[in-house]
Amino acid sequence: HRMFLEPQEEKKSMKALLLKQAKKTCSCTPAKIKDCVLGFFPILQWLPKYKLGEYLLGDIMSGVIVGVLLVPQSIAYSLLAGLEPIYGLYTSFFACIIYCIFGTSRHISVGIFGVVCLMVGQVVDREVERAGYDLEPAVLSALPGPGGDGNSTGNGTAPQPLCDKSCYAMAVAATMTFISGVYQVAMGLFQVGFVSVYLSDSLLSGFVTGASFTVLTSQVKYLLGLDIPRSGGVGSFITTWINIFRNIHRTNICDLITSSLCFLVLIPSKELNERFKSKLKAPIPVELFVVVAATLASHFGKLRETYGSSISGHIPTGFLPPRPPDWALIPNVALDAIPIAIIGFAITVSLSEMFAKKHGYSVRANQEMYAIGFCNIIPSFFHCFTTSAALAKTLVKESTGCRTQVSGIVTSLVILLVLLVIAPLFYSLQKCVLAVITIVNLRGALRKFRDLPKMWHLSRVDTVIWGVTMAATALISTEIGLLVGVCFSMLCVIFRTQRPEAPLLGWVAESETYESLSAYKNLQTKPGVVVFRFEAPLYYINKECFKSTLYKQTGVNPVGVKAAEKKAAKRMLREKEVGSGDNQSSVPVDFGSGPVGFHTIVIDCCAVQFLDTAGIRTLKEVCKDYEDIGVHVLLAQCNPSVRSSLLRGEFFKEGEDHLLFHSVHQAVDFA
């Protein structure tokens, strides 16, 4: 029954492995160059194989529909990012084209994502305020930097700033977009896609829901037509609501009525689109109809002139000249770009893998990081802000017949048409309409509350992670909320291994199976043998838990038994000395512990994934302590990693009876 398995030859030294890997990496052959080019530009692989008759119609239909839906959303999300509407159209246009070149997913729609826009907007507002653009002109002229040069002209008038508020806001957003893209490409180069595994589904869901509350809060002032400063930093959610209630008496009735009417149209129509999506060939672009109707009503009703409604203003046609990011702003935004980059690539990679699995093809996570990185680096020179994949538009794209990345090129052509011809027509569009579009698109994230009972039933730990991440993201800030979620989920993993399940096992009659005595009835036990299972790795965090649980389950603490024996022996020695040679020494002595009740403990190690030095030392101590009171300890079902650790830790010594067994049944039979 002993495990006399002959190990494989020792692995090659680390130096030899590194040399082999370096030689393989640095080798340059025509075939390898071709593979690298085709791998880096996936469009060169799939475009020559494109089947016009089979794919084109579905790609055109899905591309047009997504493009039509993207136009009003791009304008609305620009408002969320604190930027002019035209920049949202630029962002959607460039992101769709660049992802077609570098991306490996056929279905995801890369563009503007509400949570990322919120995070960009918070940084933009902070930097604009820091530069002094929100101050009075007299104060602004005294500030150094883009908003003023710290000097005044000879006649006492303030000098003109080098860049107005809108221009500076775009410079901040473009610089942060560039840095986010650099981070994402660096993650691909160093193959650190494993970072996304720390962002579990429940954590990401909680983060998006919490950020959705912050997005909703930031848009309420537009619904009511209030002119209040945008709050940023820690506690912005609460601060914004305080400012709203303080100024609620200034509500613009015209904006409030317009917002209510848009809600009454958009919410039911969105619900109908979802309910009958299986019967509709394509979703009805209600948002576009609402934007057109609201623009016409605002223009002909002169809502700005008559009621003071806030409107989008001039949206130019064509493209602005390319402009590099403001390198001087990099120190200000480099830290803010880290969570934006992580969220962007995590959502993109998870959506890519989800739809690839659904449709039976594969994507490369590292290439997806390159793709989303270049979707940020290149557009940052063309007045764009940060992008990522978006679930809602991806679902629309898939449901309307998308087959390949050509759909993204069609979407870009639709947006190009708007940029070149239609954009100025949205001059009179009220900002409250854009706010309504943004809020209505949050329905999916806010609906997660309906899934809480089901989530609680499936996993209480995941539900708690969701709730903590959501609350921290909404009430503190998006960046801190993400950090809190990651740290809390890691702590949950640690706590679950710190105090794992550790039952005694019983034998299923007429089989070789052993199961938990506390979980199943009618299990049998072998006289004199106790079988114990520890359902976690054995390492420094839970070593004390392992010992205490083992002592509790077996009902015998060998250290206590040994101490009681020593105490009884000392008492007997004293009685001998006091007795002065009479017959008292022949009286039987109680050693304190009585019969142990078993002679062998079998530890089932099937759930012990690994051991560290503290775990090996703990096993040695347990074996020695039990052997001191006449109880043998046997190990069963150890995986190769655990066996290797035991050998390296000199757990087995010549002459000792520590034995390993393939199965619990073999160990019990031996005992």
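How far apart in helix α26 are Asp628 and Lys624, and about how many helical turns separate them? Asp628 and Lys624 are four residues apart in helix α26 (residues 613–628), a separation of about one helical turn.

The model is predicted: local features need pLDDT of at least 70, side-chain atom pairs count only at pLDDT 80 or more, and totals for chains, interfaces and linings use all residues. Residues are numbered from 1 along each chain as its sequence is written, and side-chain values use heavy atoms, with hydrogens and water left out.

View 1. Helices (H or I, at least four residues) and strands (E, at least two) are DSSP runs, numbered from the N terminus. Asp628 is partly exposed at 34% relative accessibility, and Lys624 is partly exposed at 49%. Buried means under 20% relative accessible area, exposed over 50%, and partly exposed in between (1.4 Å probe, protein chains only).

**View 2. Glu398 and Lys358 form a salt bridge.** Their closest N and O atoms are 2.9 Å apart. Glu398 belongs to helix α17 (residues 391–399) and Lys358 to helix α15 (residues 337–359), so the pair ties together parts that are 40 residues apart in sequence. Glu398 is buried, at 15%, whereas Lys358 is exposed, at 58%.

**View 3. Lys543 and Glu544 meet in a salt bridge.** The N to O distance is 3.3 Å. Lys543 is partly exposed, with 23% relative accessibility.

**View 4. Salt bridges link Arg126, Glu127, Arg130 and Asp336 in a network.** The structure holds 17 salt bridges.

Conventions:
Salt bridge = Lys/Arg side-chain N within 4 Å of Asp/Glu carboxyl O.
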